[in-house]
Amino acid sequence: MRLVALKAPVTDKPRADDFAVINADRPACPDGGVVARVLFISLDPYVGSRLRGRHMGEPAPAPLDEAIPGAIVGEVVESRTPAIKEGDAVHSMNGGWAEFVALGEADCRRLDRALAPLSAHLGVLGMPGLTAWAGVSQLAKIEDGETFLVDAAAGAVGGSAGQIARNLGAGTVVGVAGGPEKCGLVEREYGFDRCVDYKRDGWRDALRDAVGDPAAGGGVDAFFENVSADMATTALLNAKPCVRGVLCGLVANYHDADQAQHPLNAGLLIGKRAQLFGLVVYDFYPRWDEYVAEAAAWLRDGRLTIVEDRAEGLDAAPALFEKLMDGRNIGKCVVALDPDA
């Protein structure tokens with residue numbers, strides 16, 4: 001079989017040339033586990049930090065040996081557990097950029113092929129969707145009629161967060177994204193009321209116009225931060241008193257040598273009486289099935305949209321990952337090893 005590995009340890013933002021496609025033995029089926037043929041691979045921003053051993057204490061993969069880590073959807077081709085049968089479709093967060101993966105039973109979630117396209121279990125029904133749902137419904141606890149703000153709004157998490165906020169009753173949903181193509185997607189496909197292009201001059205004034213001036217009774221009730229402490233500060237400046245903020249990611253700072261150089265303004269937090277919640281999606285894995293049951297109904301009703309930035313074939317994974325690292329992707333990055341699946 002083939003897999004994608006690092007050529008050598010990386011110390012900066014990963015580039016396509018940092019990866020190599022190599023041959024390896026197909027993994028043996030573990031006791032109480034399965035071997036799955038990989039159908040779809042998820043590319044996610046956190047992997048950029050993981051490749052340098054800077055994500056949640058997890059080690060970097062060994063160069064020219066271990067597959068790049070990542071979530072997968074696969075079809076079971078060998079099973080040594082009665083809970084999962086050959087031919088079952090499974091999702092796992094412990095897969096990798098490879099044609100076959102060996103998984104323990106506890107690492108697999110069996111999928112209903114009739115529920116949604118299988119690749120959706122890497123996006124709106126996968127970890128990005130679960131992250132968005134956890135932040136919006138369990139932490140920010142959006143209420144009817146409130147104004148909700150999310151940045152990186154064209155991405156898999158941000159786009160899902162805005163749609164979920166709307167489905168749970170938000171009155172106004174505003175996104176921030178970079179460039180007219182992304183902002184068009186956010187408004188047209190995701191149905192946000194407004195998307196502000198941070199690459200345009202005067203975007204901060206446009207944001208104030210979109211959410212309303214807090215001094216005049218407008219402002220943000222809840223926000224979802226994906227980008228940076230600077231962007232969180234912008235949200236706070238446009239917030240109502242007692243705003244609830246979810247700190248999900250700091251993608252703009254993942255590749256900085258010292259991430260502590262980007263602090264939040266404590267005085268602003270106090271003045272806004274802000275409540276901030278750090279979000280680690282691992283805490284919500286036990287509620288994944290609960291989320292999928294709710295989100296599947298939204299998908300059927302057209303209230304949750306699937307948008308993918310898809311590449312085909314294992315060899316295409318490095319280039320799509322570089323695109324993701326540069327923030328040039330539109331929607332959820334997925335590599336299809338079997339497009340017909």
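Q: What volume does the largest cavity have in this structure?

A: The structure is a predicted model, and the volume of its largest cavity is about 100 Å³. With a threshold of 30 Å³ or more, the count is two cavities.

Q: How many residues line the largest cavity, and which of them lie nearest its centre?

A: A lining is read residue by residue and then by secondary-structure element. Here 16 residues line the largest cavity, and G123, V124, T305, V307 and K332 are the ones nearest its centre. Two elements, α3 (156–167) and β15 (332–336), each give two or more residues to this lining.

Q: Which element supplies the largest share of that lining, and how do the residues divide by class?

A: Helix α3 supplies the largest share, with four residues. By class, the lining of the largest cavity consists of seven nonpolar, seven polar and two charged residues.

Q: Which residues line the second largest cavity?

A: The second largest cavity has a volume of about 60 Å³. Its lining consists of L149, V150, D151, V176, L207, F223, F224, E225, M231, T234 and A235. Strands β8 (147–151) and β11 (220–225), together with helix α6, are the elements that give two or more residues to this lining. In terms of class, the residues lining the second largest cavity are eight nonpolar, one polar and two charged.

Q: At what angle do α5 and α6 cross?

A: A helix pair is read from the distance between the axes, the angle and the handedness. Helix α5 (residues 203–211) and helix α6 (residues 229–237) have axes that come within 10 Å and cross at roughly 45°. The pair is therefore classed as oblique. The crossing of α5 with α6 is right-handed.

Q: Which residues of α5 meet which residues of α6?

A: From α5, the residues W203, R204, L207 and R208 meet M231, T234 and L237 of α6. This contact comprises four nonpolar, one polar and two charged residues. Among these residues, L207, M231 and T234 also belong to the lining of the second largest cavity.

Q: How far apart are the axes of α2 and α3?

A: The axes of helix α2 (residues 127–140) and α3 are 8 Å apart, and the two helices pack at an angle of about 45°. Because of that angle, α2 is oblique to α3. Their crossing is right-handed. On the α2 side, the contact is formed by P128, G129, T131, A132, W133 and V136, and on the α3 side by A156, V157, S160, A161, I164 and A165. The class division for this contact is nine nonpolar, three polar and no charged residues.

Q: At what angle does α2 cross α8?

A: The axes of α2 and helix α8 (residues 288–300) come within 10 Å and cross at roughly 95°. That angle falls between 65 and 115 degrees, so α2 is roughly perpendicular to α8.

Q: Which residues of α2 and α8 meet?

A: The residues M127, G129, L130 and W133 of α2 meet W288, E290, Y291, E294 and W298 of α8. In this contact there are six nonpolar, one polar and two charged residues. Two of the α2 residues, G129 and W133, also take part in the contact with α3.

Q: How much space lies in the second largest pocket?

A: A pocket, unlike a cavity, is read as open space. The second largest pocket holds about 490 Å³. It is lined by 25 residues, and A67, P69, N94, G95 and G96 are the closest to its centre. Helix α1 (46–50) and strand β6 (100–104) are the elements that give two or more residues to the lining of this pocket.

Q: Which element gives the most to the lining of the second largest pocket, and what is the division by class?

A: Strand β6 gives the most, with four residues. By class, the lining of the second largest pocket contains 18 nonpolar, four polar and three charged residues.

Key: Residues are numbered from 1 along each chain as its sequence is written. This is a predicted model: local features need pLDDT of at least 70, side-chain atom pairs count only at pLDDT 80 or more; totals for chains, interfaces and linings use all residues. Side-chain values use heavy atoms; hydrogens and water are left out. Axes are lines fitted to C-alpha atoms, for helices over the stretch in contact, and angles run from 0 to 180 degrees between N-to-C directions. Angles under 35 degrees count as roughly parallel, over 145 as roughly antiparallel, 65 to 115 as roughly perpendicular and the rest as oblique. A crossing is left-handed if the near helix is turned anticlockwise from the far one by less than a right angle, and right-handed if clockwise. Contact means heavy atoms within 4.5 Å. Ala, Val, Leu, Ile, Met, Phe, Trp, Tyr, Cys and Pro count as nonpolar, Asp, Glu, Lys and Arg as charged, and the others, Gly among them, as polar. On a 1 Å grid over the protein atoms alone, a cavity is a set of points where a 1.4 Å probe fits but cannot get out, and a pocket is an open set with protein on both sides within 12 Å along at least five of seven lines; lining residues have an atom within 4 Å of a point. Grid points are joined across faces, edges and corners, and a volume is the space filled by probe spheres set on the points.
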